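Thanks for coming, everyone. Before I say anything, please take a moment with the sequence and the model on the screen.

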Amino acid sequence: MADLLPTYDLATDVGRDAFDARLDQLRRSATVTSGGAGDFHRIAAELIEDTRKRGDAAIVEHMRRFTDPTFTADRMRIPPEVMAEADAAQRAEQPDLSAAIDRAIAHVTEYQRHLVPADAEPMTIAGAELGMRWTPISPAGLLVPGGSATLFSTLIMLAVPAIAAGVKPDDITVVSPPPTIKGDAAGAGTPGDAKPDISPITLAVAHRLGLSKVYRIGGPPAVAALALGTETIDPVSLIAGPGHPVVQAAKLQMAGTVGIDGYYGASEIVTVADSTADPSRIAADLLAQAEHDPGKCFLVAWEPGVIDAIEAALAEQLPQLNRIDAIKAGLANESCAVICDSRNAAAELVDRLAAEHVNLAVADPKAFLANVQHGGEFFLGDATPVAAGDYYAGPSHCLPTGTTARFTSGVSVYTFLKRSGVVGYPAGMPAQAIADIAAMANAEGLDAHAASVQQRHRG
């Protein structure tokens with residue numbers, strides 16, 4: 001069974017050393033700091049600079065290389081009427097799916113609206129009335145992957161939090177590429193001279209959310225276009241969304257020109273399981289993660305029998321799935337099982353991994369969670385599949401990866417909000433405040449600062 005999921009026993013020095021080496025390898029492949037990241041950064045930088053110089057022409061050239069050799073600038077933007085037609089067709093032809101999407105949008109909307117913070121109640125200190133206000137970051141650009149899978153759910157998980165935060169739908173720009181030439185779905189199902197296109201379900205969702213600016217482009221040129229603007233695309237103030245490491249590298253390079261959400265690269269899961277967990281459920285979650293191609297899976301336990309049972313369930317369920325080769329490669333090359341020597345050691349390992357998804361399939365998941373600090377999103381108990389968060393529950397599935405959950409968060413309304421302090425002296429500045437500020441400013445050698453407050457003297 002080790003052929004499916006390599007296993008490391010941390011109770012021995014050999015096991016710890018081997019796991020440390022494995023973890024270092026996986027971390028290098030999960031982030032843009034090493035493990036080929038030099039190429040990611042270089043490619044991103046070259047494509048950004050090309051887009052900066054040539055605008056739409058650079059985007060067209062990129063799209064011709066990766067999606068459609070005959071791509072032209074007039075195909076970049078999708079007309080709103082095309083999205084309306086896609087929505088109407090989807091409702092008519094797939095009523096059950098359409099209803100499921102509506103319910104998912106409703107759940108995410110309700111949850112995200114629940115999170116919207118109120119402006120702080122004003123308070124007064126030394127004559128100053130102080131407050132804090134929240135305002136949306138607008139306009140916003142959203143990255144919806146589409147090169148090898150139809151991820152219309154990502155559009156929901158990005159656009160709904162933005163709208164809940166107060167970003168107007170007309171101020172949201174979506175970029176999503178058609179299938180890549182080398183991708184699984186390249187040109188699939190396109191009769192005659194029909195061109196590869198983004199999913200009609202994605203178009204239907206965009207229309208349902210009131211979005212009018214949707215572009216069939218992708219890669220670093222799309223990131224650059226959102227940040228810098230082109231002849232066709234207006235620049236935005238914030239870029240959010242997951243994607244290939246080269247796209248995340250482009251986001252990092254544009255940070256400062258625009259705001260970004262974080263590093264949201266190859267998907268990953270840590271599952272902690274004890275003897276109360278159903279092995280079949282845990283195996284199903286791991287297989288679901290591995291089909292992301294690549295998807296990184298860490299199975300953590302402190303009872304060897306638990307891992308054996310889950311590995312047996314993996315072997316039983318795998319032949320029933322479609323993406324068998326991708327899943328086997330993900331489990332063998334990107335994943336591992338780890339046997340810790342105690343429950344506390346398992347919690348420490350979860351924090352060390354700081355993964356995107358953390359599934360706590362243990363007897364008392366809330367108690368376990370109290371001992372864990374780092375994770376993009378937590379799923380409590382073996383009755384809670386990660387796919388519930390991917391599609392339906394409410395929190396966004398756009399989450400930090402590559403251990404970046406140590407210092408950043410997943411997408412929510414907070415991603416699309418900024419805070420501003422508010423200061424006012426409705427009765428004028430007190431003499432003591434003026435004297436104190438002037439003394440401090442003069443001590444720093446900033447006499448103009450001192451003079452500016454002394455101009456407000458009331459006496």
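Which element do the buried residues of α16 pack against? They pack against α17 (447–454), where contact means heavy atoms within 4.5 Å, and where helices (H or I, at least four residues) and strands (E, at least two) are DSSP runs numbered from the N terminus.

A word on sources: this is a predicted model, in which local features need pLDDT of at least 70 and side-chain atom pairs count only at pLDDT 80 or more, while totals for chains, interfaces and linings use all residues. Residues are numbered from 1 along each chain as its sequence is written, and side-chain values use heavy atoms, with hydrogens and water left out.

Staying with α16, the buried residues are A433, I434, A438 and A441, buried meaning under 20% relative accessible area, exposed over 50% and partly exposed in between, with a 1.4 Å probe and protein chains only. Seen down the helix axis, these buried residues fall within an arc of 125 degrees, so they line one face of α16; the arc is that of the directions from the axis to the C-beta atoms. On the other side of α16, Q432, M440 and A443 are exposed, and just after the helix G445 takes a positive phi of about 80 degrees.
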